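Hi there,

Here is the structure I promised to pass on. Have a look at it first, and my notes on what turned up follow below.

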Amino acid sequence: MSTAPSTQVTPKRSFTASASVYVNERTSLAGFVKELGRKAFPDHWSFLLGEIALFSFVVILISGTFLTFFFQASMAEVHYDGSYVPLKGVEMSVAMASTLDISFDIRGGLFVRQMHHWAALLFVAAIGLHMLRIFFTGAFRKPREFNWLIGFTLFILAMGEGFTGYSLPDDLLSGNGLRIIDGLIKGIPVIGTWTSFLLFGGEFPGTAIVGRLYTLHILLLPAIVVALIAIHLVLVVVHKHTQYAAPGKTQQNAVGPPILPIYAAKAGGFFFIIFGVLALIASLFTINPIWNYGPYDPSPVSAGTQPDWYIGFADGALRLIPPGWEFVWLDRTWSFNILVPLIAIGIFILLVVAYPFIEAWVKGDHREHHIADRPRNAPTRTAIGAAGVTFYAGLWAAASSDILATHFSLTMEGVIHALQAMVIIGPFVAYFIAKRVCIALQKKDREVVLHGYESGRIVKLPGGEFIEVHQPLDEYDRWKLVSYESYEPLMIRPNARGKITVGQRLRAGMSRWFFEDRIAPVTKGELEASHSAHH
Amino acid sequence: MNRSKRRTGRRHPLATVALLALGLVFTGGAYAALSSGTAAQAEAEPTSQETIEQGKKLFQANCATCHGLEAQGTNNGPSLIGVGAAAVDFQVGTGRMPMQMQGPQAQEKPPQFTDEQTKQLAYYVASLGPGPDIPADSLVNGGGDAANGAELFRINCAMCHNVAGAGGALTEGKFAPPLTDVSGVHIYEAMVTGPQNMPVFNDLNISPEDKRDVITYLKYVQDNRSPGGFELGSLGPVAEGLFIWIFGLGAIVAVTVWITAKSN
Amino acid sequence: MAQDDHSGTELAAADSSHEALAPTASPGTALISSDAFENPGFPPHRPRVTDEDPKKEKRAQRTVYTLFYLSILGSVWAVAAYMLFPIESNDVGAVRLNNMFIGLGATLALLGLGFGIVHWGKAIMDDVELADERHPIGGSPETQAAAAKVFSDSDKESGFTRRSVIRNSLIGALIAFPLPALVLFRGFAPQDQLPVELLSHTMWAKGTRLALDPSGVPIKAADVTIGSAFHIIPEGLAELEHGKLEEKAKAAVLLMRLEPSELNQAPDRESWSYDGIVAYSKICTHVGCPVALYEQHTHHLLCPCHQSQFDVANHCEVIFGPAKRPLPQLPIAVDDEGYLIAQSDFTEPVGPSFWERS
């Protein structure tokens, strides 16, 4: 890479070199290349989860653009006259008819449509998995809190993108999905009725909603998503990627292959692999067969009416409410069967958003953290995460309560009752188990550092005693097991005016909760003591 | 084509799996062929006195314990007087009757009687009181209007049986069975008789021609695989979500491990 | 980015503590042991087989270009499949083949490229690993001071803090200016309609005949045999020019006939049914899905969306699931020709609850 404009033109310069000089002299790109081209990018499979999301989003953009050339977001009624026999002559909206035309009358149209939908499911799933990785390795700690917020916003926007897209074909499944959204909105106190009325442009279903969702789906939401992804990535470059503890890797360096060429090859290749996997799935597996569902009509409904997976937790929350949670008070209807799920999900979401700030406040740690934690070394955080995952999984499973019932020969009432218990008790059980498992693993790590690996070799001592030989760790392997910090519970101290504030008490209480049970890493002294005890 | 013999005596680890899968496919195919065979022979036979007598003997030996010696009903089973030949042909022809045990609903199983015996039972019961008859072949052969049938199916049937006929859950462990390999005759008979908890769809609700259209649609769905590829059970978004998490994301995460592993 | 002038230094041992990054940052309640192990520094580099064995390297090269050739083959295949597997009109099987073969060609093209590039990067490109130095994200104290000075200078020059009247009126104006935009949202729904009024009425009226969905053919009481379930719309709905779906979304009804002895009817609603025939709104009182899974022996109605269950024998009261209110009953009668008719509209709003409903 040439770094500065050169005035001496050497005749033997290669084509690439001349081209880069040509571009650079007009853009000053050399500075960027110099800065970024040889940046080290830490290498670990779990660091690629975000890339899955990014690349599936690119696939969504490409396939979605193709679809916009054919899809017509109109709810005007037409009689279908395309190729699919069981819908011939049926009255449906232009949106539905054009989606059927994409599927049946445009070569490769169904392929692109299926790829778009599969990629959307993958997009949200990859974001979810990526967030779990960030959470469980503490990669949200200073200086990365903002990126946690941006990433979280992207998760919500991705769900919005997904739901608006799911609703566009105006088929029976998505129409009933919108019907549920309408009912949900109407249940919100004070603003509900009018919000629904304005959203649907009058009474449900109206003739406006598909066009409105289309604008959101292809203009507003993607614009915000693209902008936030850009900021997200710029911050990744500014922060440099986290890395796992390993010999030579420190808080002051970022170790890995350079962006050019190895990382670029791996990431570029990975994009094509994801694109290819999605193409494979789209060519072999049906998704959202709208021709089965038929056009939206408020009277029919299909058994097994469910939203796409990422909305499942909200649908499941609605299903888990016991009968009777609705009251008339002050001559107004209070639909707690709708409000309670909304509020519970709202609190859950707020806790997820706020977690990095809560943990930072409890620890009072103002240092930058660039070494990602092993989940076992932050037992309370890992346990909280496990509890959250269990809560979410319970809600999510509830969205398929009917399918669970038929496929496991259960009663749907039994499934609902079991999941009600799981959502309430499950998080506590998961918390307890995860915390114990983490601490047990930490203890095992200590054992291994102090006494070495079990080699499996049995030796008979001269005295007739059998022992298993323990293989001591070398310093590199040992480093991975001892290079973490533990925190101690906060001692309450009076402030300058001799008072202990409520905030201090709360922080001390939470700090006790977080760090009461802790396993400190082995120190040099302990290892020496252990060795001298053996010999 | 010269198919090369196995060079080594060792079987491929997946061979057993493949064999099993093949076996299952053949059994399923044979079963499907058998049940569609039942459909083809559904034409009404002349109801001679002899048929009815044979049916009565079969009835008293196999059904009377629950339904009573004269089909008048007992505490364990309803009266069959006036249910018609269609009800018997459906219940016995799909193996639901005789029931193995009392449960939330009678389970489908391989039929216990031959087609001839089923017909004898049906005409015996029909002789006890007037009821819906076994439909004529022209109504169940799938020669109607699939589009009209599909619309009627969505309005009257899909909420229990799913839009693609994949079945669905009912209350307290009951379920609406999948219609993916049910014969036209049995679909017709189920509509007119309302077996188990299914409502009755009489000819004034859905006319015989409309019933033929519904069957035409279901046959269309049975005969035409989804244009998009494997249907994943036609279960909708739940199956799709599980698939993308387990196979889509699973495969890609496996690739990430390969990408970041040291090359060797 | 700009503060990093040392990207791409070769691996060298570095010091493990946080102090070098931000010497003043507080560690909070972290325990920092003076007896902790020190970072042993980078382990010796381990070469790959392709670094050591030229044959292996050759093979890796062959694999990579073979994958790229396969990718080209896949692209050509997809183009060929586009032409060889056209969509014949009315043939779903042709769509299936078209979808599958175009898709598999594209798959081969993409996966060949992807795996080829990654394999090149992994096995053939020089196995370089670099260490970048990190710097405090906040920048050097000089940079931070310079930025702070920019703000204080501009504050001084503009008088933003000093001229408080100007500033506060500016804030007020900024708060007020989006308000007109908010008002515009009223135009999202027709100006001459009010939602509560619309939600309180349906198409049913005294004397409206009950008709079959979707044909709109009126039905007689005698047509409805015991154990039947009829999906009903008001007569005339099928012929509506405008607002058909909106009306149907409120007026859809399920008609069932039970043994009259099995109905437990409230005294004031005994006249609402006819000889065991009852009509209930099909729209769930929870969030509005059509409730139509009728079990003729248990007389239970099930909503497939959230599993609310209603007991038809007891005025559709809720027996399971998140719904609270029973399904509204449509009072029915029989006219002199024997057709089923509505006695009136529903006596309460149908469908999901809403705030103004009482």
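Within the largest nonpolar core of this predicted model, which holds 252 residues, the members that touch the most others are A:F123, A:I274 and A:L278. Helix 5 of chain A (residues 109-136) supplies the largest share of that core, 18 residues. If you click on A:F123 and skip its neighbours within four places in sequence, you will find it in contact with A:A53, A:S56, A:F57, A:I60 and A:A158.

Next, the contacts between chains. Chain A puts 114 residues into its contact with chain C, and chain C puts in 102. On the chain A side, helix 10 (residues 259-284) gives the most, with 16 residues. That side is made up of 52 nonpolar, 36 polar and 26 charged residues. The two chains also share strand pairing: strand 4 of chain A (residues 253-256) runs antiparallel to strand 2 of chain C (residues 130-133), and 4 bridges join them. One to look up is A:V255, whose bridge partner is C:A131.

Chain B meets chain A as well, with 49 residues of chain B in contact with 56 of chain A. Among the elements of chain B that give two or more residues to this side are helix 7 (146-156), helix 10 (208-223) and helix 11 (237-260). The largest share, 16 residues, comes from helix 11 of chain B. Sorted by type, the chain B side has 29 nonpolar, 15 polar and 5 charged residues.

Also on chain B, an unreviewed UniProt entry places "domain: Cytochrome c" at residues 50-129 and 144-222. In the model, residues 50-129 are 51% helix and 0% strand, with end C-alpha atoms 18 Å apart. Residues 144-222 are 51% helix and 5% strand, and their end C-alpha atoms lie 15 Å apart.

Finally, some backbone details to check by eye. Most peptide bonds are trans, and most residues other than glycine have a negative phi. The bond between A:K142 and A:P143 is cis, with omega about 5 degrees; A:P143 sits in the loop between helix 5 and helix 6 of chain A. Another cis bond runs from C:D213 to C:P214, with omega near 5 degrees. B:E172 is not a glycine, yet has a positive phi of about 50 degrees, and lies in the loop between strand 1 and strand 2 of chain B. Because B:E172 has 18 C-beta neighbours inside 10 Å, it counts as partly exposed. C:H315 also has a positive phi, near 55 degrees, but with 20 such neighbours C:H315 counts as buried.

Best wishes

Key. Residues numbered from 1 in each chain as written. Chains lettered and ligands numbered in written order. Predicted model: local features only at pLDDT ≥ 70, side-chain atom pairs only at ≥ 80, totals over all residues. Contact = placed C-beta atoms within 7 Å. Nonpolar A, V, L, I, M, F, W, Y, C, P; charged D, E, K, R; others polar. Core = buried A, V, L, I, M, F, W, Y, C linked by C-beta atoms within 7 Å. Buried ≥ 20, exposed ≤ 12 C-beta atoms within 10 Å, placed from the backbone. Pairing = 2+ DSSP bridges. UniProt positions renumbered as here; feature names shortened; annotations may be inferred.
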